[in-house]
Amino acid sequence: MTSEHSSQLYADLSLTVAEAGPEAARPVLILHGGGGPATVAGIAKHLAPTARTLTPVHPGWDGTPRPDWLTGVDDLALAYLHLLQDRDLTDVLVVGSSLGGWIAAEMAVRDTAQRINGLVLLDAVGVHVESEPITDYFALDPRAAAELSWHEPDRFHVDPSAVPADQLAVRQTNMATMRVLAGDPYMHDPKLLRRLGRVRQPALLVWGESDRIVTPAYGAAYAAAFRDGRLEVVPKAGHLPHIEQPEITLGLIDEHLRRTSGRA
């Protein structure tokens, strides 16, 4: 059963966190991308029978408050490391999708307490590949975004006119928050790639073959930068392979969870 509660990290920052799974099981921190926590709910549901899953809502998403000082992905990375510290969690696997993958990578380079024991980055932004710049998502209309994000855009495209006004307002606020956190420089940290060589934890990079927002070249760049990085490209999937090809993607996460469990 999933429970949702608040974790007070600082005087002016309380995190909304959904938790599921056995309390004594290995912890898995699951970080969503711009689409919000619903986009990674399937990962948490899959892992919950055997892992302790924690799925926070990034401050500013889905109506949650964001303090004025929280303006960068580095702020989120430190906040989630403090969450692990407050819960005294170790041997943590961090799974991040898109923006969440970037946060996971930034956490790893700052994890001096070595609470993290493995990473899974799903079509992560956060770095820059000169030959294939990240598509400007803010400039796309919904149809264009679907064409570039999905292997089967007709299956997953949602006409905004069919979305209730309150849900549409939430989506617009989510995108405004993402612009604050990742708009300048656009969707990357210029210093991140060179820092990843210091990360000892095994990193699995899972990429949708058809992702044209952040192409598989970004997965290759990440894999090469980590000390122990491995790229797996998922066929017939775009920017969210865990939704388009869940069996393959979740199987890769399961294997990495086993590989990294209890690793010193």
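Residues are numbered from 1 along each chain as its sequence is written. Because the model is predicted, local features need pLDDT of at least 70 and side-chain atom pairs count only at pLDDT 80 or more, while totals for chains, interfaces and linings use all residues; side-chain values use heavy atoms, with hydrogens and water left out.

**Overall fold**

The protein has 10 helices and eight strands. Helices (H or I, at least four residues) and strands (E, at least two) are DSSP runs, numbered from the N terminus. The C-alpha trace spans about 45 × 40 × 35 Å along its principal axes. A compact globule of 264 residues would have a radius of gyration near 18 Å, and the 17 Å of the protein agrees with this. That radius is taken over C-alpha atoms, and the globule rule is 2.2 Å times the number of residues to the power 0.38.

Of the 264 residues, 53% count as buried. Buried means under 20% relative accessible area, exposed over 50%, and partly exposed in between (1.4 Å probe, protein chains only). The protein exposes about 11800 Å², of which carbon and sulfur atoms supply 51%; the areas come from the Shrake-Rupley method with a 1.4 Å probe. Contact means heavy atoms within 4.5 Å. Among contacts between residues at least 6 apart in sequence, 77% join residues at least 24 apart.

**Nonpolar cores**

A nonpolar core is a set of buried Ala, Val, Leu, Ile, Met, Phe, Trp, Tyr and Cys residues joined through side-chain atoms within 4.5 Å. The largest core has 56 residues, and those with the most contacts inside it are L29, M107, L119, Y222 and F226. Helix 2 gives the most to this core, with eight residues. Leaving aside neighbours within four places in sequence, M107 is in contact with L29, L31, A77, Y80, L81, L84, V94 and I116. A second, separate core of 19 residues includes V95, A237, L250 and L257.

The expected span in the table is 1.5 Å times one less than the number of residues.

| Helix | Residues | Length | Span, first to last C-alpha | Expected span |
|---|---|---|---|---|
| Helix 6 | 165-182 | 18 residues | 26 Å | 26 Å |
| Helix 10 | 246-260 | 15 residues | 21 Å | 21 Å |

In helix 6 the buried residues are N174, T177, M178, L181 and A182. They fall within an arc of 105° seen down the axis, so they line one face of the helix. The arc is that of the directions from the helix axis to the C-beta atoms. Helix 2 (73-87) and helix 3 (99-110) are included in what covers these residues. The face turned away from the buried side carries the exposed residues A165 and Q172.

In helix 10, T249, L250, L252, I253, H256, L257 and T260 are buried. Their arc around the axis is only 150°, which puts them on the same side of helix 10. E247 and R258 are exposed on the other side. Just after helix 10, G262 takes a positive phi of about 70°.

**Backbone features**

A cis peptide bond with omega of about -5° joins D184 and P185. P185 is found in the loop between helix 6 and helix 7 (192-195).

Q114, a residue other than glycine, has a positive phi near 55°. Q114 lies in the loop between helix 3 and strand 6 (116-122) and is exposed, with a relative accessible area of 61%. K236, also not a glycine, has a positive phi near 55°. K236 lies in the loop between strand 8 (229-234) and helix 9 (241-244) and is exposed, with a relative accessible area of 55%.
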